[in-house]
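Hi,

Here is the structure I promised you. Have a look at it first, then read on for what turned up.

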Amino acid sequence: MEARRGNDAAPEAPAVREGSAAEVSTVRGGSAAEVSAGEPAAVPMRLAAENLTVVFGHGSRAHVALDDVSVGVAEGTTLGLVGESGSGKSTLAKALVGLVRPRTGRILLDGADVSALRGARLAAVRRRVQMISQDPYSSLNPRMTVGQAIAEAIDPRRADHRRHADAVTGWLETVALDGDAAARYPHEFSGGQRQRIAIARALAAEPEVVVADEITSALDCSVQAEVLNLLAGLRERLRLTMVFISHDLAVVRHVSDEVAVMNRGRIVEYGPCRRVYRSPAHPYTRRLLGSVPAFPLQESR
Ligand SMILES: Nc1ncnc2c1ncn2[C@@H]1O[C@H](COP(=O)(O)OP(=O)(O)OP(=O)(O)O)[C@@H](O)[C@H]1O
């Protein structure tokens, strides 16, 4: 039997969700007004997880990190993922980008099941769904100059910085860095600058979806705000489709159209950000929001 690690004392209430799991990959989305009116627009999901289960380990040491999780993000929108530490946010992020293989369920990219792909086809999907993580070192090769790293994202087969110099400079300027950063190495930059480079690198691949996993949690407060404002601006300007993960509820509300609340590997509440923050329906969400002084319940957005 699989063991479940009890990482908090959240109540076992049923999930509160607008739309069924089956709807997630096909018709979820639309504005908050449309969803709450019970008539969601038929917006296809760019990226969706359908009934995803991820188990780490085997036998008595098995741990169910994701338990029948279904979420989706429509083009040009942002899905926020919140939940306490250990609730499964990063595991879901990794599953969405193909870094963790689900035991059951599917990952759909533009409606096509990509969860069983391997080799070159998986690599191609990873290009289309770019992940930016907490530690930019995991996405930036310390032996590559920044210019090489961005050139590789632009064209993996001809990752020559000089060939793509103008485009590299353009992406650096997009994240408010000077073009001469291209000749330097990641370790020569501050944490905030490295995250800007990681964002530039991810966007240079022109992905269909960006998965941002706690991208500011290792940064000082003032730098966090700079990076978040940059990302929020890019999201508007480039109409990014994004999955945004953070333990910071205020930040998630700021950038997300919809939010999924995770608890112990499950989605317990899922819906338009505005509605969930204003009137959380699940006891766990209420507890989560109630524990943050900035979120007295019933606050309007
Ligand atoms: N590679 C792994 N092997 C075994 N267990 C894992 C592995 N990765 C994650 N887990 C476990 O799965 C659960 C979910 O972890 P995950 O990192 O997805 O949570 P999280 O919500 O992102 O937490 P945090 O906010 O602290 O990053 C945790 O109990 C964690 O210990």
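A residue is called near a molecule or strand when its C-beta atom, placed from the backbone, lies within 6 Å of it. Before we use that, two notes: this is a predicted model, where local features need pLDDT of at least 70 and side-chain atom pairs count only at pLDDT 80 or more, while totals for chains, interfaces and linings use all residues. Residues are numbered from 1 along each chain as its sequence is written.

Let's start with the ligand. There are 15 residues around it, and F56, A65, S85, S90 and T91 come nearest. Strand 3 (63-74) and helix 3 (89-96) are the elements that give two or more residues to this shell. (Helices, H or I with at least four residues, and strands, E with at least two, are DSSP runs numbered from the N terminus.) What kinds of residue make up the shell? Two are nonpolar, eleven polar and two charged, where Ala, Val, Leu, Ile, Met, Phe, Trp, Tyr, Cys and Pro count as nonpolar, Asp, Glu, Lys and Arg as charged, and the others, Gly among them, as polar.

Which element gives the most to the shell? That's helix 3, with three residues. Helix 3 is also largely enclosed by the rest of the structure, because six of its eight residues are buried: K89, T91, L92, A93, A95 and L96. Buried means that 20 or more other C-beta atoms lie within 10 Å of the residue's own; exposed means 12 or fewer, and partly exposed is in between, with C-beta atoms placed from the backbone. Just after helix 3, G98 has a positive phi of about 85°.

Now find helix 6 (residues 165-174), where V168, W171 and L172 are buried. Looking down the axis of helix 6, you'd see these buried residues fall within an arc of 100°, so they line one face; the arc is that of the directions from the helix axis to the C-beta atoms. Their cover includes helix 5 (146-154) and helix 7 (191-204), and contact here means C-beta atoms, placed from the backbone, within 7 Å.

Last stop: strand 11 (residues 266-272). Seven of its seven residues are buried, so strand 11 is largely enclosed by the rest of the structure. Strand 10 (residues 258-263) pairs with strand 11 in the antiparallel sense over six bridges; pairing takes at least two bridges found by DSSP. Within that pair, V259 stands opposite G271.

Enjoy exploring!

Methods:
Two residues are in contact if their C-beta atoms, placed from the backbone, lie within 7 Å.
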